[in-house]
Amino acid sequence: MSDMTSHPVGEGAPSIRDMQVPDLWPVLRAGAEDFRRKPAFGLFFAAVYVVGGWAIYWMLFQAHLEWLAIPLTFGFPLIGPFLAVGLYEVSRRLEAGLEDWKAADIFAVVWCQRLRQLPTMAWVIIVYFLFWSFFAHMLFALFLGPSALTNVTTSYAYLLEPEGLSMLLVGAAFGAVFAFVLFTLTVVSLPLLLDREVDFVTAMITSVAVVRQNPKAMLVWAFTIAALTFLAMVPGLLGLMVVLPILGHASWHLYRSVTVTGEDGPAVVATT
């Protein structure tokens, strides 16, 4: 990894270090090691995500809105970064050499974030997710027409016709763009908000600057997240029980690797 850095993008924001593609593999290994050291936290936060996904799909089928499962399958991972905040805190404590702490300490830190900038960032992600759902609905109606919205609940043959295949291809392309834009805004902004007292706009600008300064490495990282998440969702979301904790911990280490804070180590937020 290069020692060259850019200037901070705002008050309180860290400088940005150059990162190469090979630098990503130690990040993934560090994430897997954190999961191995503290598996209970990773399994808990992943279970919240998986059970939430099951609940959403169950409600869609109960309401005969099965067609919405397709855009939600692609859009649901967009809210994953916020659910990983607890994992960031675990990795931060492990990095700082702290071992003697309890589960309540992690939940207390996460709870204290309600008074900082993370809730605002959460709303940005939620609104973004809702906009994606609306956009996917619009694409569905545009390609297949209003009648398909009702008929698809009893037959998915529409998706195998030329219009349906075109809709899936266009939707996948737009979905990739939506996902990468959100990735650009959040790749380091969420761990930065947990770690430092900065506003959410500065955090997002820093995240964008990281992607601009390291486009190749960040593209590979985005593809890695997308590929692993998609594979993990195939077996009824169960693969996320392993993939989500590793990626969550790794995201913290990516943030620490690509930014320079000018301090010896991460500061732990008070729990009171």
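Entry 1: I began with Arg-196, which is buried, with a relative accessible area of 11%. I count a residue as buried under 20% relative accessible area, exposed over 50% and partly exposed in between (1.4 Å probe, protein chains only). Before going on, I noted that this is a predicted model, where local features need pLDDT of at least 70, side-chain atom pairs count only at pLDDT 80 or more, and totals for chains, interfaces and linings use all residues. I also noted that residues are numbered from 1 along each chain as its sequence is written, and that side-chain values use heavy atoms, with hydrogens and water left out.

**Entry 2: its partners.** Which residue forms a salt bridge with Arg-196? I found Asp-195, with the closest N and O atoms 3.0 Å apart. A salt bridge here is a side-chain nitrogen of Lys or Arg within 4 Å of a carboxyl oxygen of Asp or Glu. Asp-195 is buried too, with a relative accessible area of 5%. The side chain of Asp-195 also meets that of Arg-92 in a salt bridge, at 3.3 Å from N to O. Asp-195 sits in helix 10 (residues 189-195) and Arg-92 in helix 5 (residues 85-95), so this pair ties together parts that are 103 residues apart in sequence. Helices (H or I, at least four residues) and strands (E, at least two) are DSSP runs, numbered from the N terminus. I then saw a network of salt bridges linking Glu-89, Arg-92, Arg-93, Asp-195 and Arg-196.

**Entry 3: a bridge within one helix.** I counted on the record of 6 salt bridges in the structure and picked one more. Glu-33 pairs with Arg-36, their closest N and O atoms being 2.5 Å apart. The two are 3 residues apart in helix 1, so about one helical turn separates them. Glu-33 is partly exposed, at 33% relative accessible area, while Arg-36 is exposed, at 57%.

**Entry 4: rings.** Next I looked at the aromatic pairs, of which the structure holds 7. Tyr-128 and Phe-178 form one that is edge-to-face, 5.8 Å centre to centre with 65 degrees between the planes. Rings of Phe, Tyr and Trp (its six-membered ring) pair if their centres lie within 6.5 Å; planes under 30 degrees apart are stacked, over 60 edge-to-face, and the rest tilted. Tyr-128 belongs to helix 7 and Phe-178 to helix 9 (residues 162-186), so the pair joins parts 50 residues apart in sequence. Both residues, Tyr-128 and Phe-178, are buried.

**Entry 5: the whole chain.** I stepped back and found 13 helices and 3 strands. Of the 272 residues, 46% count as buried. Among contacts between residues at least 6 apart in sequence, 75% join residues at least 24 apart; contact means heavy atoms within 4.5 Å.

Entry 6: The chain averages a pLDDT of 79, and 77% of the residues score at least 70. This score is the predictor's confidence in each residue, from 0 to 100. Where is confidence lowest, and where highest? The lowest is helix 8 (residues 146-151), at a mean of 54, and the highest is helix 1 (residues 24-37), at 95. Over residues 264-272 the pLDDT is below 50, though the stretch has 28 contacts in the model beyond near neighbours in sequence. I reminded myself that where pLDDT is low, the predicted coordinates should not be read in detail.
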